[in-house]
Amino acid sequence: SCKPSSLNLQVVVSVFFFLSLYMFCPPLPLNPRLLEADSKSMRSMSGSRRNSGSSLVSSSSASSNLSHLEEDTWILWGRVVNEWEEWRRKKDKLLKEMIRKGIPHHFRAIVWQLLANATDMPVKNQYSELLKMSSPCEKLIRRDIARTYPEHDFFKGQDSLGQEVLFNVMKAYSLVDREVGYCQGSAFIVGLLLMQMPEEEAFCVFVRLMQEYRLRELFKPSMAELGLCIYQFEYLLQEQLPELNMHFRSQSFHTSMYASSWFLTLFLTFLPLPVATRVFDIFMYEGLEIIFRVGLAILLYNQTDLIQLDMEGMSQHFQKVIPHQFDSCPDKLILRAYQVKYNPKKMKKLRTENRLLKQRIETLEKVRSYTEEFVNGLQTQLEQSRLQEAELLGALKEMQDKVLNLEKRSNSLPDESNVAHLQEELRLVKLRELETLRCFKEMQDTVAELNQRWQHHTARGGGAGHWKESPKKNAINELQDKLMGARLREAQAQAELREVKLKALQLESQNQIHSKLVSRQQQESTALQERVQYLMVQNKGLQGQLSEMKRKQAEFECKSKEEVMAVRLREADSMAVMAELRQRIAELEIQKEEGRIQGQLNHSDSSQYITDLQEQIAELKNEVRTPPSHNKPPDLCLTGRSPGERDYLSSDEDLLPSPLPASTLYTSLPAPCCPSPHLASEGSSDSDVEERDTNTDDTPPPQIFPGMVCTEGLDH
């Protein structure tokens, strides 16, 4: 974006303010040193602010009748800016009170940069180069730009200057921190910074906020820090507003439904912009502690109305009524916020407890997932064994059918008696063949004899006439026919013999083959039956293991429920003991007051009695602060875990007993982030921690807002 060479608008308005002040108001008898400090502060502001058309100052015309108090405030803040390091070292408490009363509008830009220590950052020189690069989040940023402060003049209208510089800052940060990238809630924080300062300074302050104020953990994709903040806020809610907390639970009105935006946008989307800016002033100095305080103050202020509403009514009340309750007097909200009890040490213990409980839950989840995987593996093996059993049963049935078919076929084949019958037939055929050969030989002898007689008759000269040729020929023909028939019968007998032999050989070979097949099928059938028996035994074993795992899982869940119930019982006992101790303190205080009023004791005895009562009250308060010790919760014994793991699972026995159920825990925990040098534990300064440690919980906080007077009163 182009930057005009004219003076910064804020400096112009500041000059106009002082000109009008001295033109229309009589001169005030101010200390020359204050005037010099004021002029130095104005010069430091004009020198520290760059000329940029991208900054927005929602300025109004300077009033000519400003009070002396307002003028002194301007001069004092000019001195603070000019002597910043000295104020941080020596006048830190006074600076804290001034910030809680509100930073003047024209000093916010430089004071925010000084509080965040973002005046000289190396990343500022990289800003112009980052704008030339492309980011994978550009489409998401463009889509959400129009939703950021849509009613504000600086961001109203497509392609306006405000939308352009907001896009530049969000794009540059998405390139610097690729793990976080872009989150929609962060655009409101950047938008507020751009209303006060140029885009380069806004980018540097936003980088410092993400790194040093736990915002980076809030905006990570897992949002683990948001889960921790919700857990801590629920603890404070149950501790300080138990009735409202029970009503929220009965209506299933979860804390994340209304408090998530408080932590993600620092009340910028919930409260009007002037009130949210006051909260942001304190956040820049004290961190997330002010978010907890303001949230509890809002709930405490609206407790009576919220208890009477259902879930839908409470949602409407949070959206339409609560945001406008402090429009006319933001100081009332800040004052109520610092009347809320907040113990940074307890918040740190809650963080540790949440981390250990989260580790325990992760271990239990791993055990549960391992158990589920093992059970699923057993079920898979069981299904596979069932399928194998079915396949083997089918194969067994098929083999049995084959055996039956073979038995039927073997029954249809000739048995030993048939073979003997065939052998007998073969012997008879051979006998017939021998008989035929004998007849054939006899016929050959007869023919030879006839031939000899014929030749002998011819040789004696009987001549043809003496021999009757026809009868002889007939006898020869007859003998030849008989010879041919005998030969035919012989050939036929031989053929039948060969067929019988061949048939006998075939039957013997088939019988051997079928006997081998039958024996082989019987062996396979026996093997299949043994396999089926083995699978049935294995199936029974798997079913026994599955039932055992289910029983152990049921015992595991029962032990987890018993542990949760034990924690709740210990919590109830602790709260009952604390209530009894508070009641005893109240009774002792009443006795002390009655003793003073009635004058029952003399002066020395009364003093001694009052001293004793004060000692008893101090001891009881110490007991209230220190929760009573409880028995160690039962360890969660897991089957198959080593003793070291069982000790690890019960290693948080010395934690602060949490009044929250385990179901309110969130899925992941943040990695430890580096706090700002000016922030103490959980976003509080070191001086705040010392002050809160020295004060008791029942002592009201000191009045640090003498100038905050609201016309509505504080007894709402």
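Helices here are DSSP runs of H or I with at least four residues, numbered from the N terminus, and their axes are lines fitted to C-alpha atoms over the stretch in contact, with angles running from 0 to 180 degrees between N-to-C directions. In this predicted model, local features need pLDDT of at least 70 and side-chain atom pairs count only at pLDDT 80 or more, while totals for chains, interfaces and linings use all residues. Residues are numbered from 1 along each chain as its sequence is written, and side-chain values use heavy atoms, leaving out hydrogens and water.

Let's start with α15 (residues 256–265) and α17 (residues 289–301), whose axes come within 10 Å and cross at roughly 145 degrees. From α15, Tyr258, Trp262 and Phe263 are in contact (heavy atoms within 4.5 Å) with Ile291, Phe292, Gly295 and Leu299 of α17.

## Leu226 in α13

Helix α13 (residues 224–240) holds Leu226. Is this residue buried or exposed? Leu226 counts as buried because its relative accessible area is 10%, and buried means under 20%, exposed over 50% and partly exposed in between, using a 1.4 Å probe and protein chains only.

Setting aside neighbours within four places in sequence, Leu226 touches Leu218, Ser260, Phe263 and Leu264. Phe263 is also one of the α15 residues that meet α17. As for Leu215, its C-alpha lies 9.3 Å from that of Leu226, and the two are eleven residues apart in sequence.

## Leu437 in α22

Over in helix α22 (residues 416–459) we find Leu437. Leu437 is partly exposed, because its relative accessible area is 34%.

Terms used:
Helix = DSSP H or I, 4+ residues; strand = E, 2+ residues; numbered from the N terminus.
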